[in-house]
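Have a look at the model first, then read on.

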Amino acid sequence: MDKSWMHSDRRSKAYELGVEAFLKFSVKNLLTTTHIRCPCVKCVNLKLFGVGIIRDHLYFNGVDQSYKNWTFHGEPWEAATNASRNVEEDDDHSRYSFVYEEIEMDDNDFGDFGSDPYEFANVIGDGDQPLYPSCRKYTKLSALVKLYNLKAKYGMSDVCFTELLILQGDLLPEGNTIPASMYEAKKTLCALGLSYEKMHACPNDCILYRKEYEDLTHCPNCGISRWKEGKDSILKEGVPAKVVWYFPPIPRFKRMFRSHETAKSLTWYAARKSINGCA
């Protein structure tokens with residue numbers, strides 16, 4: 001598919017046709033018009049919106065030109081076939097258990113990147129890759145997890161964390177593998193399957209703005225606005241007054257069942273019950 005429009009002027013006809021072709025491509029592959037990742041330079045595929053909002057973002061903010069392979073919108077993953085290495089499941093669980101310990105408090109920061117098996121295989125590769133040549137203490141993944149834990153602990157903004165990553169890259173020896181941006185860091189960590197879904201909610205907890213309420217701007221029960229009110233008492237359209245996070249259990253179960261030992265522990269009661277013949 002032609003992606004040259006991504007580098008065109010946003011006022012040009014080529015850009016306009018490209019945006020429409022991209023939206024049509026996304027809807028065709030994802031079979032939805034309301035829950036699509038926005039590839040604008042501000043959202044960088046971390047937020048879900050409807051087609052209309054994404055179209056506006058692409059015109060107002062511009063498209064993220066580094067998003068060359070549209071994997072979040074149905075394009076096949078271009079990873080090498082040998083990326084999915086044959087690694088013992090139990091070894092994976094023990095070698096990378098520190099990841100889950102470090103980022104268990106950060107689940108709400110991740111999107112659903114973890115659905116692609118190639119991405120998880122790449123994370124396994126990052127766990128073997130030294131932070132820089134001759135480094136024995138940290139790998140790319142362990143260093144990134146430590147840094148991200150600091151971000152969560154001290155409330156760093158995404159911009160601040162990106163600046164920290166850039167500084168770390170300059171301080172470390174040449175050939176280091178530290179990501180250069182928050183977006184790249186999230187792509188690595190989110191492949192672990194820490195998925196979530198953001199939902200706009202009524203500030204009074206009346207409804208969630210989904211399904212039949214998806215396009216409403218005021219709560220049908222209490223009448224309060226969906227959007228946040230600024231200090232000047234002017235509503236900030238597009239900025240929700242309240243957001244809740246839904247953590248789908250299925251990706252987490254899949255992640256836990258990757259390990260043979262963990263799977264045995266999770267099914268211990270059911271297996272023991274059948275052996276003992278208990279009801």
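Q: Which residues does Trp5 touch, not counting residues up to four places away in sequence?
A: A quick note first: this is a predicted model, so local features need pLDDT of at least 70 and side-chain atom pairs count only at pLDDT 80 or more, while totals for chains, interfaces and linings use all residues. Residues are numbered from 1 along each chain as its sequence is written, and side-chain values use heavy atoms, with hydrogens and water left out. Contact here means heavy atoms within 4.5 Å. On that basis the partners of Trp5 are Ala14, Tyr15, Gly18, Val19, Phe22, Val63 and Trp70.

Q: Which residues touch the most other members of the largest nonpolar core?
A: A nonpolar core is a set of buried Ala, Val, Leu, Ile, Met, Phe, Trp, Tyr and Cys residues joined through side-chain atoms within 4.5 Å. Buried means under 20% relative accessible area, exposed over 50%, and partly exposed in between, using a 1.4 Å probe and protein chains only. The largest core has 21 residues, and the ones touching the most other members are Trp5, Ile54 and Leu58.

Q: Which helix gives the most to this core?
A: Helices (H or I, at least four residues) and strands (E, at least two) are DSSP runs, numbered from the N terminus. Helix H1 (13-30) and helix H2 (51-60) each supply at least two residues of this core. With four residues, the top contributor is H1.

Q: Why do the buried residues of H2 line one face of the helix?
A: The buried set in H2 is Val51, Ile54, His57 and Leu58. As a rule, an α-helix has 3.6 residues a turn, so residues three or four places apart point the same way. Those buried residues pack against H1, strand E1 (36-37) and strand E2 (48-49). Taking the directions from the helix axis to the C-beta atoms, they line one face because, seen down the axis of H2, they fall within an arc of 125°.

Q: At what angle do the axes of H1 and H2 cross?
A: Axes are lines fitted to C-alpha atoms, for helices over the stretch in contact, and angles run from 0 to 180 degrees between N-to-C directions. In H1, Tyr15, Glu16, Val19, Glu20, Phe22, Leu23 and Val27 meet Val51, Ile54, Arg55, Leu58 and Tyr59 in H2. The two axes come within 11 Å, and the crossing angle is roughly 150°.

Q: How many charged residues does the contact of H1 with H2 have?
A: For the classes, Ala, Val, Leu, Ile, Met, Phe, Trp, Tyr, Cys and Pro count as nonpolar, Asp, Glu, Lys and Arg as charged, and the others, Gly among them, as polar. The H1 and H2 contact has nine nonpolar residues and no polar ones. The charged count is three.

Q: Is Leu165 buried or exposed?
A: Leu165 sits in helix H7 (residues 158-171). Beyond four places in sequence, Leu165 touches Leu144, Leu147, Ile178, Pro179, Ser181, Met182 and Ala185. Leu165 also belongs to a second, separate core of 15 residues. With 1% relative accessibility, Leu165 counts as buried.

Q: How far apart are the axes of H6 and H7?
A: From helix H6 (residues 140-154), Leu144, Leu147, Tyr148 and Lys151 meet Asp158, Phe161, Leu164, Leu165 and Gln168 in H7. By class, that contact has six nonpolar, one polar and two charged residues. The helices pack at an angle of about 145°, and the distance between their axes is 11 Å.

Q: What is the phi of Asn45?
A: Most residues other than glycine have a negative phi. Asn45 is found in the loop between E1 and E2, and is buried with a relative accessible area of 0%. Although Asn45 is not a glycine, its phi is positive, at about 65°.

Q: Is Asp205 buried or exposed?
A: Asp205 lies in the loop between strand E3 (197-200) and strand E4 (227-229). Phi of Asp205 is near 65°, a positive value in a residue other than glycine. At 56% relative accessibility, Asp205 counts as exposed.
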